[in-house]
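Here is a friendly walk through one model, told as questions and answers. Have a look at it first, then read on.

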Amino acid sequence: MPTVCAIFTHFSAKANTLACLRHLAAQTRRPEHILIINNSAEDELTNEPAPVFPDGVLHTLKTGQNLGNAGGCAVGLNYAFGKLGVDFVWVLDDDSWPRPAALEKLLACPAEADTVRMSLVIDPAKGDDLSWPLTICAPEGSRHAWRNALSTEELPAGDLIPSRGGWLGALYPRAAWERAGVPTGALFIRGEDEEYPWKVRSAGFRFVTVRSSELMHPSSRLPLLHYTCSGYSFFYEQGMGVSRQYYKVRNWAWLQRLKHPRGYLRRFASCMLYAALSLGFMMRTGELTPLRLYTLFRALHNGFYGKLRPY
């Protein structure tokens, strides 16, 4: 039987962390290990009433500083695969809560070698619709290889859905860690969700989403704005904090540098288009402020030149 470690980072959200543990305790197929990467300065989880797990199941790894989700999960992957010696790591978040059969369905789903299985991330507040768009294979005969499904109604039939990649809810096998390493810790937040799947795909893996494995996660508070042209999509999240906006934009531009190291003009054009679309949506939503404008261009500049400077 394969061994699984569920990992997630914790930072000043005790209620979320305890709720996540309760949902893990309710799994019809429990993970052999659960690893909490504690990014908080204080040990907030001490003496908190938590579900009881057998000895050796629950681990807390205190980082001593806030490494963000990317840095924390990088430490967690190394600990789970390197020290605990597990076969799979199931990536969660403190506010992502698996339904009882989620892990059982993931493991029961047949998968070829070099395949990463992912839970379907849904929002119960939206009637179990997708929490965010899922990139899946385009229909046969399409000009493009991938398309974005914006709701569960746009998903193809069947339980196994070929997908472009994912982070939250992904069941990464040991071989992915051995060949692709871990997320780049300096991304901090809003980067590991695209960078690590890209590294794993580049190492020869494919991704599939298991529809029956459901992971509950809240979607954006405000509607996600979407622009598409010639098969390419741009999404704008309204109401995002300025620091989160910085990391999202910086990490996106940095990833383009990884994908196209010699495509200077291509990356420059992509960044200018990104800036133009962002400005358009900022004006439309009333979010075009001097601070956001400065943050947008600072983030694009730093990412374009490969500088992962903090906010």
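Q: Is L291 buried, exposed or partly exposed?
A: The relative accessible area of L291 is 44%. Buried means under 20%, exposed over 50%, and partly exposed in between, with a 1.4 Å probe and protein chains only. L291 is therefore partly exposed.

This is a predicted model, in which local features need pLDDT of at least 70, side-chain atom pairs count only at pLDDT 80 or more, and totals for chains, interfaces and linings use all residues. Residues are numbered from 1 along each chain as its sequence is written, and side-chain values use heavy atoms, without hydrogens or water.

Q: Leaving aside neighbours within four places in sequence, which residues is L291 in contact with?
A: L291 lies in helix α8, residues 290-304 (helices are DSSP runs of H or I, at least four residues, and strands are runs of E, at least two, numbered from the N terminus). Contact means heavy atoms within 4.5 Å. With those neighbours set aside, the partners of L291 are V242 and Y311.

Q: What is the distance between the end C-alpha atoms of helix α6?
A: The expected span is 1.5 Å times one less than the number of residues. Helix α6 has 18 residues (242-259), so it should span 26 Å. The model agrees, with its end C-alpha atoms apart by 26 Å.

Q: Which residue has its backbone nitrogen 2.8 Å from a polar atom of the D129 side chain?
A: D129 lies in strand β7, residues 129-130. Its contacts beyond four places in sequence include V121 and S151. The backbone nitrogen 2.8 Å from a polar atom of its side chain belongs to T152.

Note on methods
A polar contact is a pair of N or O atoms within 3.5 Å; within protein, one must be able to donate a hydrogen and the other to accept it, and residues adjacent in sequence count only if both atoms are side-chain atoms.
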